[in-house]
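Hello,

The structure I promised to hand over is below. My notes on what was found in it follow.

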Amino acid sequence: MIQVDGLTKHYSDLRRGQLIAVDGISFHASEGQIYGLLGPNGAGKTTTLRILSTVLRPTGGRATINGYDVLTQAAQVRRQIGFMSANTAVYDRMTAWEMVEYFARLHGLEGDLLRERMEGVFERLQMNEIRDLLGSKMSTGMKQKVSIARSIVHDPPVLIFDEATAGLDVLVARALLNTVAELRDQGKCIIYSTHIMREAEKLCDRIGIIHHGKLLAEGMLDDLREQHGEHDLEELFFKLILHHDATVTATA
Amino acid sequence: MKWSNVKLILAREVRDQLRDRRTLFMIAVLPILLYPLLGMSFFQVSQFMREHPTKVYVIGASSALSEGTPLIENEQFAPRLFNTPDKVGLLELHFAPDVLAPGETLDDVVSQAKKRVEQGEFDAAVYFPPSFGEQLRQFREASESQTIHRGDEESAAARNAAIPRIPRPEIIFTTANEKSQITFARLHDVLRRWSDELGKANLSAAGLVPSAARPVELATDDLADATGNAGRGLWAKLLPVMLLLWALTGAFYPAVDLCAGEKERGTLETLLSSPADRSEIVIGKLVTIMLFSMATAILNLISMGFTGWLIVANHPSVGLPSWLSCFWLLLALIPISALFSALCLALAALARSTKEGQYYLMPLMLICMPLAVLPMTPGFELNLGNSLIPVANVVLLLRTLLEGNTLQALRYAVPVVGVTLACCYLAIRWAVDQFNQESVLFRESERLDLGLWLRHVIRDRRPTPTVGVAVSAGILMLLVRFFMAVTMTPPDELSFGFLIRSLVTTQVAVVIVPIVLMTLLFTRNPAKTFLLDRSSWKWTTPLAVLAAIALAVVLHPVIVTVALAVTHLYPMSETAELLSKTIKEAPNLWVLLLFFAVVPAVCEEFAYRGFILSGLRHSGKKWRAIVVTSVFFGVSHFMLQQSLMATLSGMVIGYIAVQSGNLLPGIAYHVVNNGLFVAMTRITPKTIEEWPVLQWFSDGVGQAGYHWTIVITGLLTGVLLLGWFSRLPYQKTNEERLQEAIRRGMEVDDKPLPSTAM
């Protein structure tokens, strides 16, 4: 479903020259799986997911989603995915219903199918009471629900969630995690980035730990635990990062 | 591009804008309120202005008292000297004392009066010399005595000498003060009428009919009055500018909200990750902005027209613009709005926030205002040169149409529409490009630091120039050439030596210095930049050089024919004629060839097909790079006729350079092409006699030109040669390869989405 090979992204930065945001990472995720991308802030999670959602272009390497190349077949890729991140906001001057309908139509849904899907999504996310509420009047939780509705209304095979629980209270975050788990059970391929270990532990089937643009470790959660002899994910995470920083300083 | 997506985006953006109170206020409420309010305040102010009397200081009034035709009655100017007697009160007279104070001279009084006018105590002063009344009387008596001796054989000069000089009263006022100017105008009118009356009285005293002094009375007939077109001139100047300004304002605010605003609110990324294509997003937004721009312009004009109509109702002399004018305005509004909308969209895409977006309005206005107002200056008329200036040409065309010169307007409609559409296209492309650049869409605020930026550009330079550097080089060369042209004024008599000198300086200053500097600063691999590195030499290169020479030879008849057609359409200017005459009379053909064919060809090829084309090819579009390079190359020739030809030739050379991957074939083509033109100037009837072969180069009328069979043969052979070039395997840039991969990727059909039930 998602295949990433040696993906690289450079930025030119005034102060530091070439800045490597993503440094040759490779992983894959298949349907019915949640792939957790774990890393501290600025590790390159958002850049990776932006490349997967075709918003950014990779500098090197290759990534395909459902067989389509993110660089050369961006249009087809966008039709296969639902993308939601802390940076994808909700329109202020549109109601929940209008917003979801707009994106559903952009995905080519029309007529009865559109209506059916919309009703289904609103029912499932319990959004019927905010149907006619303008985006500017919504709480963070409501906005997040609208964003989820927007990204799943066209029933895409691949879902990309970038720090989806950022800024949410415990109740809303928990509801969101449940929804993501449900989507996985429906056979979606989900890639989920976070820096909260508890979320990853609870939700993800496979995990990739990313730091300074590099993928430090990658595999099924249980395999990782076994390999590194560390059951607690948080400890595992710290160990890997400290080890990496130590080697970098040593070689430098 | 899917139009259903464009329509969806358009519908959403329009609804979004209509829900925005600020936009609605700018577009609908402001114009509806603005003009009536403006009209009302104007009305109030003008009423206030009209009623205002001005103060006049009168010196020596007693000497101006003349029997029969009094100037002053009851301490005021005589009512009969005004258009309507009720205007008498507008000039409030204050009299200087008739008797001088002890120790005071008349000069003191006058200089004091001047001071008082300057300080604003009085708006103006009138000074009658002390002997004024007396001299006036003498003058009349003298002219009466002249009548008696009318029959004498005295010479006219002697007769004139006998008449004493007419004394002159003086009006003291200052143009620095508007009120003083108004007073001057009022005074001037009164005194002129009075002097007319005096003149008539003198004439009748001398036994002549009063009309003798003015045998020719002029009658005027303003056709505009009769045809009900009065005020056309006013509308023709006012309406196009208003249209332009409001179209720009109306485009700007929605553009900022739709781009910078969306970036700020974080909804742009949502949209970008949807299946909507970048071009669909841009077109959807563009049409939205256009709609609002047009609506703003139309509502403003209607509101202004209505208020104007109410005011004008009192002045029947100024008619309303005709329906036809309104039609032309509406028609012109479409391309104007499209152009401004695309410009605003691209600028707004560049902005990181609405606040930054607002800052861009001022520079945009500063560029557009002079272009819009320029055509208002008298004497600025629609002609070929002016019809090529963007924005200004539309205003001019509209002005000409509104003045009723439809034929004149239609003659230049083609260049105006062409230039406007080209600008629209470029602006839209710019906007789409902005949306395709992630560095623009995801720009992060960085401290502005010019030094840091320059260091970055130089430190992180690539083997060949970037698109931005290439465009800057093109603009830099144009600027330098412009300043050279302004500072170097040719002598009246063009000498060959001067020509060579200016040519060499131009090549050095305009082409060599900027290009060498930019190459050293901004590229790592000059050889690759100039298409002269190892990979550019292939076994086909010598063949390509030969083919290029052949191409230049066979295309020459075609180019000459087109050039003749161009000069026929747009005749050469005097300087250009002078230039070609000097070339014709040049002493030595070889020197001429060296300086007019070889030197410019080599320099320009390094600059244009080397530096600029190599840079522009990083845009990923081969043809766009060739065309833009050619346009830069063409514009740098500065003379319209030459520019057109150079642009055409530039495309051929650009194509040769890209296909052969080497600079030499292009240089060969350029040298041969220039050389043939130079050689042609040497063909005279005498040379044809000596070399009968040269007859082929003459169209038989003695004019330089080719027989049409040669032109057709040349064209066909040229096409064949270009066909050979097209089969060369040319080296693509990474960007071009990517674009190709994307094109191929797009052709793959979508897999149907799985239709699992929710």
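**Cavities**

The largest cavity has a volume of about 60 Å³. This is a predicted model, in which local features need pLDDT of at least 70 and side-chain atom pairs count only at pLDDT 80 or more, while totals for chains, interfaces and linings use all residues. Residues are numbered from 1 along each chain as its sequence is written, chains are lettered from A and ligands numbered from 1 in the order in which they are written, and side-chain values use heavy atoms, with hydrogens and water left out.

A cavity here is a set of points, on a 1 Å grid over the protein atoms alone, where a 1.4 Å probe fits but cannot get out. Grid points are joined across faces, edges and corners, and a volume is the space filled by probe spheres set on the points. By this rule there are four cavities of 30 Å³ or more.

The lining of the largest cavity (residues with an atom within 4 Å of a point) includes Phe103(A), His107(A), Thr270(B) and Ser273(B). By class, three lining residues are nonpolar, seven polar and one charged. Nonpolar means Ala, Val, Leu, Ile, Met, Phe, Trp, Tyr, Cys and Pro; charged means Asp, Glu, Lys and Arg; the others, Gly among them, are polar. Strand S6 (81–85) and helix H5 (140–152) of chain A each supply at least two residues of this lining, and S6(A) gives the most, with three. Helices (H or I, at least four residues) and strands (E, at least two) are DSSP runs, numbered from the N terminus.

**Where the chains meet**

How many residues of chain B are in contact with chain A? The count is 49, against 54 residues of chain A, where contact means heavy atoms within 4.5 Å. The two chains bury about 4900 Å² between them, 52% of it on carbon and sulfur atoms. Buried area is the accessible area (1.4 Å probe) that two parts lose on being put together, summed over both.

Seven salt bridges cross this interface; the rule asks for a side-chain nitrogen of Lys or Arg within 4 Å of a carboxyl oxygen of Asp or Glu. One of them joins Asp20(B) to Arg93(A), with the closest N and O atoms 3.7 Å apart.

**Salt bridges overall**

Over all chains the count is 40 salt bridges. Among them is the pair Asp222(A) and Arg225(A), at 3.3 Å from N to O. Asp222(A) and Arg225(A) are separated by about one helical turn, because they lie three residues apart in helix H8 (residues 221–228) of chain A.

Regards

Notes
On a 1 Å grid over the protein atoms alone, a cavity is a set of points where a 1.4 Å probe fits but cannot get out, and a pocket is an open set with protein on both sides within 12 Å along at least five of seven lines; lining residues have an atom within 4 Å of a point.
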